[in-house]
Amino acid sequence: MRIISSSFVTLFFLQVLYAQQPVPPDRETLLRGEGMGLAAYAERNGYPGPKHVLELKDTLRLTNDQIQIAEALVARVKDLAQNLGAQIVVKEEQLNALFAGQSSVEEDILRLVLKEIGLLRSDLRFVHLQAHLEMKETLNPDQRHLYALLRGHETTGHH
């Protein structure tokens, strides 16, 4: 009887622990406005990220104007990404609540919440990708080539 009772207590605590997990799993990175690889395609294909450009500013020999542009891009992305991330977290929590508090979920409401989450996540990705577009235009071809080499994205001739 003790084994069965102990198993139920363990199961209960596991359910409580699971229920306390952040929704969504990327909640903290969304709230911090982090990139989470959302601009990886741009990064790997010759569109430098402003955050990484700043990390390499001495090696890339950035001008003061380029540094200011990169810093402004980083600040803008962080601000917009944190705002969108907070909105995504709210919608994801609504999605969780649909399933947690209902004996049944209406498909039209489910579809609506999922569309809202999808649009917000799309907007978030756009914010990150747009910064890469702008950063590329800020660097000269030699800086872009060096950046790609330093980041491990280019192993062949100069573009």
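## A tour of the largest pocket and its helices

Start with helix H6, which gives the largest share of the lining of the largest pocket, namely four residues. Keep in mind throughout that this is a predicted model.

Next, display the largest pocket itself, whose volume is about 480 Å³. To find its middle, select Glu 34, Gly 35, Lys 51, His 52 and His 128, which are the closest to the pocket centre among the 21 residues that line it.

Now select residues 64–100 for helix H6 and residues 107–138 for helix H7, and look along the place where their axes come within 10 Å and cross at roughly 170°. How do H6 and H7 run relative to each other? Angles over 145 degrees count as roughly antiparallel, and H6 and H7 are therefore roughly antiparallel to each other. In the contact of H6 with H7, the residues divide by class into 21 nonpolar, five polar and seven charged.

For the last stop, select Tyr 47 together with Lys 136, and turn the view until you look onto the ring of the tyrosine: Lys 136 lies over the face of Tyr 47, at 4.2 Å from the ring centre. How many aromatic pairs are there to visit? With ring centres required to lie within 6.5 Å of each other, the count comes to zero aromatic pairs.

How values were computed
Residues are numbered from 1 along each chain as its sequence is written. This is a predicted model: local features need pLDDT of at least 70, side-chain atom pairs count only at pLDDT 80 or more; totals for chains, interfaces and linings use all residues. Side-chain values use heavy atoms; hydrogens and water are left out. Rings of Phe, Tyr and Trp (its six-membered ring) pair if their centres lie within 6.5 Å; planes under 30 degrees apart count as stacked, over 60 as edge-to-face and the rest as tilted. A charge sits over a ring if NZ of Lys or CZ of Arg is within 6 Å of the ring centre and within 35 degrees of the ring normal. Axes are lines fitted to C-alpha atoms, for helices over the stretch in contact, and angles run from 0 to 180 degrees between N-to-C directions. Helices (H or I, at least four residues) and strands (E, at least two) are DSSP runs, numbered from the N terminus. Angles under 35 degrees count as roughly parallel, over 145 as roughly antiparallel, 65 to 115 as roughly perpendicular and the rest as oblique. Ala, Val, Leu, Ile, Met, Phe, Trp, Tyr, Cys and Pro count as nonpolar, Asp, Glu, Lys and Arg as charged, and the others, Gly among them, as polar. On a 1 Å grid over the protein atoms alone, a cavity is a set of points where a 1.4 Å probe fits but cannot get out, and a pocket is an open set with protein on both sides within 12 Å along at least five of seven lines; lining residues have an atom within 4 Å of a point. Grid points are joined across faces, edges and corners, and a volume is the space filled by probe spheres set on the points.
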